[in-house]
Amino acid sequence: MTEQWVNLAATILLIIAFAMLSQRRVLSLVRLFAWQGLVLSVSTAMVAYSTGQSHLWISAALTLGLKVIVLPIVLHSLIVRLNVRWDVEPLINVPTTMLAGIGLVIFAFALATPISQLAGTVTRSTLGIALASVLLSFLMMIVRRKAVPQVIGFLAMENGLFFAATSATYGMPLVVELGIALDVLVGTFVFGIFFFHIRETFDSLDIRHMEKLKED
Amino acid sequence: MEIVWVLGVPLLGSALLALLGHKRYAPEINIVFSLATLVAAALLVVRVIGSGPMTAFDEQFFVDPFNVFLVALTCLVGFTTAVFSRPYMRVEEEHGRVTAVRLRLYHGAYQLFMFTMLVTLLTNNLGILWVAMEGATLSTVLLVSLYRTPASIEAAWKYFILCGVGLAQALFGTILIYFAAEKVLGGGTVSLLWTQLYEVRHQLEPTVMSLAFVFLLVGYGTKVGLVPLHNWLPDAHAEGPTPISAVLSGLLLNVALYAVIRSKVLVDGALGTEFTGQLMMGFGLLTVVVAALFLSRQRDIKRLFGYSSIEHMGIITFAFGMGGKVAAYAGLLHMTVHSLTKSGIFFAVGHAVQKTGTQNMADIRGLIERNPTIGWGLALGSLAILGVPPFGVFTSEFMILTTAMHEHPWATPFLLFGLAVAFAAIFGKVQPMVFGQSNARRLPHQPALLPVFLHLLLVLMLGLYIPPYLDQWYRQAAALIG
Amino acid sequence: MDAAGIAFQILQSVFVVLAAPALLGWVNQCRAWLQNRKGPGILRPYFLLWRLFHKEAVVAHNASALFRATPYVLFGCMWLAAGIVPVLATDLPFAFAADIIALVGIFALARVFISLAAMDIGTAFGGIGARREMLIGFLAEPAMLMTLFTAAFLSGSTALTTIVETLAHREFAIHPGLACAAVAFLMVLLAENARIPVDNPTTHLELTMIHEALILEYSARHLALVEWAAAIKLFAYMTIGIALFVPWGIAEGSDWLGLPLAVAAAAAKLALAGAGLAVLETVSAKFRVFRAPEFLSTAFLLAVLGMLVHFLTDV
């Protein structure tokens with residue numbers, strides 16, 4: 001039964017990843033990111049409950065604290081202070097992006113299937129979805145032209161990796177997870193500092209202005 | 001115990017400099033801590049020479065012939081760069097390019113960067129290795145954008161995003177390794193310990209491990225600067241302060257490559273095929289050729305040497321890809337000499353840029369006339385990096401080439417082509433900068449030229465004579481890798 | 001093919017045709033309630049049809065035979081579609097025809113006829129309506145097929161009766177793939193039946209119309225047939241949805257004893273679905289027409305994801 005619920009959570013994560021890919025508004029993106037964290041945390045807690053792996057409870061709590069509460073609040077306040085709350089990104093070619101996304105999902109599933117067959121966890125079939133979310137966030141970072149959505153894509157990618165760790169192996173050892181969480185937290189603050197630098201220098205958070213450095 | 005010192009000193013230094021980094025005497029503190037780290041590393045080396053490889057803290061850290069020389073190298077270059085950075089950053093401050101507050105960030109982050117690299121090298125835990133590698137990115141990204149110019153911010157953003165994405169792939173690879181190890185060793189930290197994994201490497205699931213290696217190579221390869229993941233590297237080298245360019249090129253790239261090779265050893269054991277080697281040879285050759293072609297089109301001196309670093313990383317990756325003891329030995333030697341030479345070149349370049357006030361090579365002329373030491377430093381460094389005998393780079397490149405001719409003759413034309421194009425490009429550009437009509441000016445601070453010539457002397461020595469214990473380490477490490 | 005089976009088949013077909021306007025009336029009634037109106041009552045559509053049948057038909061003088069024939073074709077298609085979907089029982093004489101691909105084909109046939117008829121008179125709105133209808137159909141059909149395929153993969157057959165039997169008899173389990181498919185199907189249902197947010201069935205603004213624009217030229221008995229066909233189409237879509245996603249309670253074979261239960265179950269499920277539709281239409285606003293492709297691509301995306309997830313988790 002846990003397996004089915006985790007599968008459902010995984011599917012929701014996949015749909016959220018697609019929603020992020022097509023979401024134009026920055027604030028909605030932050031909200032989607034928070035939802036992603038929540039689903040992740042709940043599914044981790046479900047796995048922890050059904051397998052009795054105590055360190056997963058800590059991971060779930062960490063996810064809840066960091067990715068559902070702290071990071072969205074930090075991002076939200078950054079967006080408010082940078083006054084980009086109503087930024088709407090003109091996404092060209094949403095259908096093409098979506099088709100590319102489906103291609104990535106198929107690729108990820110094909111890649112993950114032989115591995116998940118070796119796994120002994122109840123969550124093994126979701127490894128493909130985890131890999132797919134990683135690749136979709138990657139795609140999101142490529143198609144985005146603004147700094148904040150790119151960073152959200154980056155954080156979403158980390159969520160996908162966390163999910164991959166949970167589904168393949170019931171999570172990495174706690175020391176490593178704490179280290180990763182620390183990196184993510186520090187990384188977000190560095191990103192935050194960067195936003196201000198970028199805006200100060202370019203008068204905009206649009207990274208299209210940042211295409212001076214290339215080979216001629 | 002020495003490991004605690006090696007890791008503790010830079011961490012403490014980072015904390016202290018985060019408070020005092022803006023003071024007048026901060027560069028000296030930086031030097032003292034770097035020197036203390038170097039001394040600690042020297043003690044560690046003495047210990048290892050005396051009693052052989054060891055592990056510490058419940059096997060969380062370990063020292064073996066492969067990482068001990070990299071630790072020593074890192075601490076040495078870290079120290080000389082700190083020495084170089086003292087007059088260099090003072091001049092930058094007087095030119096108004098950095099403020100006192102940013103100098104505090106610079107000094108604090110410098111020590112933190114050393115700390116993360118040393119953790120990466122010394123840790124036995126593949127997960128911690130990843131965390132430390134990400135930490136190395138985080139601690140340097142604000143240094144690349146230290147000048148807050150549009151170009152430097154762009155470069156730092158590129159560096160951050162590209163390496164962040166790359167490392168995310170590496171994390172997935174690490175998860176896959178843990179997944180494979182869990183089957184054999186059971187759950188928990190033990191399944192991520194490299195020494196434990198090495199014992200059971202033949203039992204690890206081949207499909208999972210080969211997939212893991214692809215992700216790890218792409219991930220850590222981004223930090224190594226392998227084509228086509230190299231885009232961040234020339235920008236970060238050109239736009240950041242020169243001491244940072246020196247440690248990025250001289251140390252960070254090595255450390256990232258170290259992570260790739262550690263994984264390769266495990267995957268090779270699991271697969272028993274040439275898969276990883278072929279992958280690395282392919283990436284290596286592509287990197288050599290592409291970087292060499294880009295070299296001739298550069299106008300910015302720091303970008304030029306950034307591309308040169310990419311090219312050399314390609315050569316080293318290719319050498320390790322070939323496998324075998326001779327190639328691995330040559331790869332290790334090349335890692336050492338490239339690191340020393342390239343950071344030395346960056347020291348000379350930094351001073352030259354400050355003298356002339358430009359990074360544009362067309363405007364740098366006649367260094368030897370006004371400032372013979374800098375001119376000679378740049379000229380000799382360039383000759384060394386181009387593989388002119390009797391410098392150490394020649395030795396290692398010669399060994400790599402002959403091995404390639406023996407075992408993979410098809411690859412030799414590509415290598416020779418890359419080396420020849422690189423030679424023509426760099427030599428053609430450096431020659432007018434060194435000789436020719438001068439336009440340099442005098443600077444208030446004496447340039448720190450000791451580091452440049454110290455590095456070149458070491459490279460020269462390694463070309464003529466390799467100390468027996470270093471030779472021993474190389475041999476043992478080559479046996480492990482090859 | 002025994003007599004009981006044939007009787008059952010006839011019974012179901014008649015039930016469908018007679019019950020369809022009531023479902024439409026129920027949806028309208030629920031909407032009225034939700035908007036704090038008293039509402040016209042469930043039986044209102046029957047009165048409307050009755051009235052229209054007693055009027056004199058007016059046809060444009062340049063109308064071709066196609067224009068006159070279309071209402072009958074339309075009604076026939078929808079009746080056939082609704083008749084073969086297993087509403088009350090699974091084992092019916094026409095069951096072999098209830099293939100999901102054939103079903104989509106029948107709907108496509110009706111769409112072609114209504115679009116041609118709309119263009120036949122040569123008015124501007126007919127042309128706009130036809131274009132929009134084809135656009136939506138073009139996008140909705142693949143999504144619909146993908147949805148149906150997910151269910152087909154689950155049961156290993158494209159025959160609707162087999163799917164329903166398999167799904168009705170399995171143990172309750174969460175199929176994430178099927179859940180995705182259900183959402184996608186709902187979106188297709190809204191688009192295909194000209195409901196909010198894609199089209200507004202009660203609109204009087206010609207420029208935003210899709211379905212209404214197609215039938216502006218029809219009157220009297222022709223209009224009655226078209227409207228009736230539309231009601232049956234909604235009924236058919238809802239029964240397909242029920243058959244795929246909540247098939248429990250359907251009668252096995254031609255089982256007279258199970259019939260009352262089956263009728264009650266079908267009526268209850270349809271009433272719930274109708275109320276749900278009303279709620280959905282009340283809380284959402286109509287899109288601009290140009291957003292419709294996006295809406296339907298989302299449906300297609302969900303359907304494809306549903307199928308992929310199904311492969312990943314259930315195989």
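**Figure 1. Crossing of helices H9 and H10 in chain C of the predicted model.** In this predicted model, H9(C) and H10(C) cross in a right-handed sense. Helix H9 spans residues 220–245 of chain C and helix H10 spans residues 259–283; the two pack at an angle of about 115°, with their axes 10 Å apart. Because angles of 65 to 115 degrees count as roughly perpendicular, H9(C) and H10(C) are described as roughly perpendicular to each other. From H9(C), the residues C:Met238, C:Gly241 and C:Ile242 meet C:Lys269, C:Leu270 and C:Ala273 of H10(C). By class, the residues of this contact are four nonpolar, one polar and one charged.

**Figure 2. Packing of helix H13 against helix H19 in chain B.** Helix H13 comprises residues 325–356 of chain B, and helix H19 comprises residues 468–481. Their axes come within 8 Å and cross at roughly 125°. H13(B) and H19(B) are therefore oblique to each other, and the crossing of H13(B) with H19(B) is right-handed. On the H13(B) side, the contact is formed by B:Lys325, B:Ala328, B:Tyr329, B:Leu332 and B:Leu333. These residues meet B:Tyr474, B:Arg475, B:Ala477, B:Ala478, B:Ala479 and B:Ile481 in H19(B). Nine residues of the contact of H13(B) with H19(B) are nonpolar and two are charged, while no polar residue takes part.

**Figure 3. The side of chain A that touches chain B.** Contacts between these chains involve 38 residues of chain A and 36 residues of chain B. Four helices of chain A each supply at least two residues of the side that touches chain B: H4 (94–116), H5 (127–143), H6 (147–169) and H7 (174–202). The largest share, 14 residues, is contributed by H7(A). In composition, the side of chain A that touches chain B has 28 nonpolar, six polar and four charged residues.

Figure 4. B:Pro228 is located in the loop of chain B between helix H8 (206–224) and helix H9 (232–239). B:Pro390 belongs to the loop between helix H15 (372–385) and helix H16 (392–407) of chain B.

**Figure 5. Positive phi at B:Asp58.** Although B:Asp58 is not a glycine, its phi is positive, at about 60°. B:Asp58 lies in the loop between strand S1 (54–56) and strand S2 (61–63) of chain B.

**Figure 6. Positive phi at C:Asn36.** C:Asn36, a residue other than glycine, has a positive phi near 65°. C:Asn36 is placed in the loop that lies between helix H1 (3–34) and helix H2 (44–53) of chain C. With 6 other C-beta atoms within 10 Å, C:Asn36 is exposed.

Note on methods
Residues numbered from 1 in each chain as written. Chains lettered and ligands numbered in written order. Predicted model: local features only at pLDDT ≥ 70, side-chain atom pairs only at ≥ 80, totals over all residues. Contact = placed C-beta atoms within 7 Å. Nonpolar A, V, L, I, M, F, W, Y, C, P; charged D, E, K, R; others polar. Buried ≥ 20, exposed ≤ 12 C-beta atoms within 10 Å, placed from the backbone. Axes fitted to C-alpha atoms, helices over the stretch in contact; angles between N-to-C directions. Parallel < 35°, antiparallel > 145°, perpendicular 65-115°, else oblique. Left-handed = near helix turned anticlockwise from the far one by under 90°.
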